[in-house]
Amino acid sequence: MGKLFSLIVIVALGYAGIYFYYGVVVEREIQEQLDDRGLSAVSIDNVEYDVLAPVSTSADIAVTVTYRGSQATLDLAVQGHPLFSDDVTVEFDSLQALRLGISFGQ
């Protein structure tokens with residue numbers, strides 16, 4: 001029973017690492033695509049994805065971005081696996097939310 005528990009813990013820790021690294025790679029891929037389009041002033045605040053996204057070759061993710069005080073939440077589709085594939089595409093799906101920042105003065 002102890003060996004089974006140890007195996008479950010090791011697998012869970014490994015998957016947690018892959019899950020975390022998947023988010024880092026997806027965020028980097030999105031930032032590179034924004035920079036390539038001349039949108040380097042747009043910053044990524046948050047990347048949300050399903051628990052099973054790291055074991056799938058296609059995933060739907062939600063990205064919160066900020067530009068000059070305004071925030072938008074975008075739905076994106078990732079085709080390909082960012083960890084194990086060289087051919088990865090990130091496609092815009094829809095705009096989930098838009099919060100405009102209003103500044104007075106300068």
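Visitor: Which residues does Val63 touch, not counting residues up to four places away in sequence?

Guide: Val63 touches Ile30, Ile44, Asn46, Val47, Ala72, Thr73, Leu74 and Leu76, where contact means heavy atoms within 4.5 Å. This is a predicted model, in which local features need pLDDT of at least 70 and side-chain atom pairs count only at pLDDT 80 or more, while totals for chains, interfaces and linings use all residues. Residues are numbered from 1 along each chain as its sequence is written, and side-chain values use heavy atoms, with hydrogens and water left out.

Visitor: OK, and which residues have the most contacts inside the largest nonpolar core?

Guide: Those are Ile30, Ile61 and Val63, in a core of 19 residues. A nonpolar core here is a set of buried Ala, Val, Leu, Ile, Met, Phe, Trp, Tyr and Cys residues joined through side-chain atoms within 4.5 Å, and buried means under 20% relative accessible area, with a 1.4 Å probe and protein chains only.

Visitor: Which elements supply at least two residues of this core?

Guide: Helix 1, strand 1, strand 2 and strand 3 each do; helices (H or I, at least four residues) and strands (E, at least two) are DSSP runs, numbered from the N terminus.

Visitor: Switching to the sheet, in what order do the strands come?

Guide: Four strands form an open sheet in the order 1-2-3-4, with antiparallel pairing, and two strands count as paired if DSSP finds at least two bridges between them. Strand 1 (43-49) and strand 4 (89-99) are the edge strands, each pairing on one side only.

Visitor: How many bridges join strand 1 and strand 2?

Guide: Strand 1 pairs with strand 2 (residues 58-67) over six bridges, in the antiparallel sense, and Asn46 has Thr64 as its bridge partner in strand 2.

Visitor: Is Thr64 buried or exposed?

Guide: Thr64 is buried, because its relative accessible area is 13%. Leaving aside neighbours within four places in sequence, its contacts include Ser43, Gln71 and Arg99.

Visitor: And where does helix 1 lie?

Guide: Helix 1 (residues 2-36) lies across strand 1, strand 2, strand 3 (70-79) and strand 4, running at about 135° to strand 1; axes are lines fitted to C-alpha atoms, for helices over the stretch in contact, and angles run from 0 to 180 degrees between N-to-C directions.

Key: Buried means under 20% relative accessible area, exposed over 50%, partly exposed in between (1.4 Å probe, protein chains only).
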